[in-house]
Amino acid sequence: MTNAELLAEKKARLAKVIALEKPDRTPVILMEDSFCAVHMGVKLSDFCSSLKRENEVMVSSVKAMGPGVDGITAPYGAGNLFPLIFATKVKLPGKELPDNTLWQLDEREIMTVDDYDTIIDKGWGAFQRQYLIEKINYPFDSMMEQLGHGQEFINNFEEAGYLVYSPVVAATVNEQFGGGRSLPKFMRDLFKIPDKVEAALDVIQAETVAVLRQQIRAFKPQVVFLSPARGASAFFSPKLWERFVWKYLKATAEVIIEEGAAADLHIDGDWTRDLEYFKELPKGKCIFETDGTTDIYKIKEVLGDHMAIKGDVSPVLTSLGTPDEVYAYASKIVRDIGPNLILSSGCSLPPNAKVENVKAMISAVTGR
Amino acid sequence: MYIILIAGFLGSGKTTFIRQLAQYLVNQHGKAVIIENEAGEVGIDDQFLAREGFQVKEVMGGCICCSLTADLTLAVNSIEAEFHPDWLVIETTGLAKPAKVIGTLTSYGQGIDRIYTVIIVDAGRWPELMEIMPQLISAQVSEADLVVVNKIDEIGPDGDLARVLAEIGEINGRAQVIPLAAAMQIEETIFRGLCLNARGGSEDSPA
Ligand SMILES: Nc1nc2c(ncn2[C@@H]2O[C@H](COP(=O)(O)OP(=O)(O)OP(=O)(O)O)[C@@H](O)[C@H]2O)c(=O)[nH]1
Ligand SMILES: [Mg+2]
C-alpha cells in the first residue's frame, strides 16, 4: 500500500467511528508532544524552539511507533500556543525553566476587571493582540507567521501515511478569563458581576467563531479540537455551568458541525453530572474526548448511541505502570467501548511515559 | 514515612499553613520534606525553609493537571529513596480532589506508612464558593481527616462562623474541624494533635 492509500484508509476508518458505524478496527490516535521529544532524545528546550522543530520531532516519533498508529492529534506542540487560548503566560524550557522541564502555565491575575469593559467597547481581536504583546510579552506576530505554515506541517504527517486528527484548534471562550483573570478571580467575578462577564464573553464568542469558520474553510479538517478544559461540571454550580460553559460549548460545536467538520470535545475533569446535555448536539458528529476523570463506561452508557468516545489510557498508567497493565486496560476498553472507541491516552501522553507502554497501548489494537 | 496531604481551593491558605507546620516539624527534629504540587501564584519561600533544614521540591504539570498525579508519585518515590524522611508534606493544586492523588500514591508510592488529609477552607469565601462550585468544595471537604477553617479574622465577630462550621459538619461528620487564622501564630497543640492523628493516634516518637 502506498502512503496515500494508507492515509485514505485511516481517514475512512475514523469517519466510520465518528458516524457511529462499525470500523474494520479501532483507530489509534496519539495525543502527544513533549513525549515525542523525550522519545527522540531531543531536549524540551530544543523541541519548543519553533513549531517547525516540534513538527519534525513529532513526525519522527510517530514513524518510530510504526504504521499501526492511525495518526496524531495535532501537527505541533501545545506549549507555545497556550497564551492564545488561556490569556496566561507560559514558562518554557530553556527560557524560564531548565532545558528539560515541561512547559508550565504561569497562572496569575493579569487581566483586570476594567478589561471586561475594554473588550466590550473595542472588541476582542484588537484587545487580545495588544494584551498578549504588552502584558505577557508573547511573540504574537512570530507565532502567527509560524501558524501560517500549518498546511506544510500537516503534509509532513500525511505524506508519511499518518493523519493529523484535529489540525484546527479552538477553546471555549470562558478559558480566556479563567486564565487571564486567574481562576479564583474569575470565579469571584461570576459571583459579583456575572452580567458584565457574560457581555464580554459574548463579544469574544462572536469574533472567535468568525475566525474559526475561516480556519475550517481553509484547512477542511475532518475534526476540530474544542477545549473547554476549565469548564468541568465539578467547577461550577449547574446554573453557572449552563450559562458560562455549556452555552458557548454548544454554540461553537454547532458552528464546527455546520462547517462540515466533526467536533472533538476535549473533556478534562469530572463532567459526569452534565452528560445528558451532550445529547443536544447532532448525532454522529462529535467525539467525547475524556481524560479518564469522567468515567468512560458512564459516557458509553449515556452517549454511546450519540457520539464517538476518545480516550483514555491514563498518564499514571503510561508513566508508572507496566506494559502488561497498559495492554490489559487498553484491550479492555477496546472490547467494552467497541465501535464507539478511538483509542488514545487520557489527555496528552506525559513526557515521562515509557516507550514500551505506548507500544503496549497500540498493540491492544494491532496485536502484540 | 507519614504523608500529610494538604488540599483546598486556590488561595485558601495552604502555603501559609504549611510554613508554620514546617516550622513545627523542624523543631521536632524529624526529617521532613515538602512537595509543592502547584500552579498558583504564591510559592513556598524555599530559601526560608532551606535555612531551616527543609527540602522543598516543586512538581509542575504541563497540560493543566492531567499528568500531575503521576509526576507527584515519582517525586514521592525519589524523595523516599534519597532522603527517607519521617514526614512528607504535600501541597496539592487547589483544583485537585485528594482521592485521586491518594489512589495513585497507594498503588505506586513507596515507603508510605500513612496518608493524612487536611483540607483548608477559606471561611470568608465559603458562601461564595459553595454557590459557585459546590461540587468541588464538597468533594474536597468530604475527603478530609481534618478540616482547617482558615481566615476566621476576615469573618469578624458578627460573622457566620457557626453557619460555616455547621455546613462543613453536614458534609463530613467524621473529620476534626479547627477554625483558625494561619496568617497569625498557630498554637503548637494544634500541630501536635495533627501529627498524632497523622500517625494513626500513636505517641509522637522523639524521631
Ligand atoms: N486574612 C487572612 N489572610 C490569610 C490567612 N491565611 C492566608 N491568608 C492569605 O491568603 C492568600 C493566599 O494564601 P496562600 O497560603 O498562598 O494560599 P494557597 O492555598 O497556598 O494558594 P494557592 O497555592 O494559590 O492555591 C495570601 O495572600 C495569604 O496571605 C488568614 O488567616 N487570614
Ligand atoms: Mg500555595
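How many helices and strands are there in chain B? Chain B has eight helices and seven strands, taken as DSSP runs numbered from the N terminus (helices H or I, at least four residues; strands E, at least two). The model is predicted: local features need pLDDT of at least 70, side-chain atom pairs count only at pLDDT 80 or more, and totals for chains, interfaces and linings use all residues. Residues are numbered from 1 along each chain as its sequence is written, chains are lettered from A and ligands numbered from 1 in the order written, and side-chain values use heavy atoms, with hydrogens and water left out.

Of the 207 residues of chain B, 53% are buried. Buried means under 20% relative accessible area, exposed over 50%, and partly exposed in between (1.4 Å probe, protein chains only). Chain B exposes about 8,600 Å², and carbon and sulfur atoms supply 49% of that area. Accessible areas come from the Shrake-Rupley method with a 1.4 Å probe; for residues, only the protein chains shown count as cover. Among contacts in chain B (heavy atoms within 4.5 Å) with a separation of 6 or more, 76% join residues 24 or more positions apart.

Ligand 1 is surrounded by 18 residues, each with a heavy atom within 4 Å of the ligand. The closest are Lys14(B), Thr15(B), Thr16(B), Asp153(B) and Ala182(B). Helix 1 (residues 14-27) of chain B gives the most to this shell, with three residues. Oxygen atoms of ligand 1 make polar contacts (N or O pairs within 3.5 Å; within protein, one atom must be able to donate a hydrogen and the other to accept it, and residues adjacent in sequence count only if both atoms are side-chain atoms). One such contact, at 3.0 Å, is to a polar backbone atom of Gly13(B). Another, at 3.0 Å, is to a side-chain N or O atom of Lys151(B). A polar backbone atom of Ala182(B) also lies 3.0 Å from a ligand 1 oxygen. The protein covers 78% of the 660 Å² of accessible area that ligand 1 has on its own.

The magnesium ion (ligand 2) is coordinated by Thr15(B) (OG1) and Glu91(B) (OE), at 2.0 to 2.1 Å. Donors are N, O and S atoms within 2.8 Å of the metal (3.2 Å for Na, K and Ca); water is not among the atoms, so sites may look incomplete. Thr15(B) is in helix 1 and Glu91(B) in strand 4 (residues 87-91) of chain B, 76 residues apart. Both Thr15(B) and Glu91(B) are buried.
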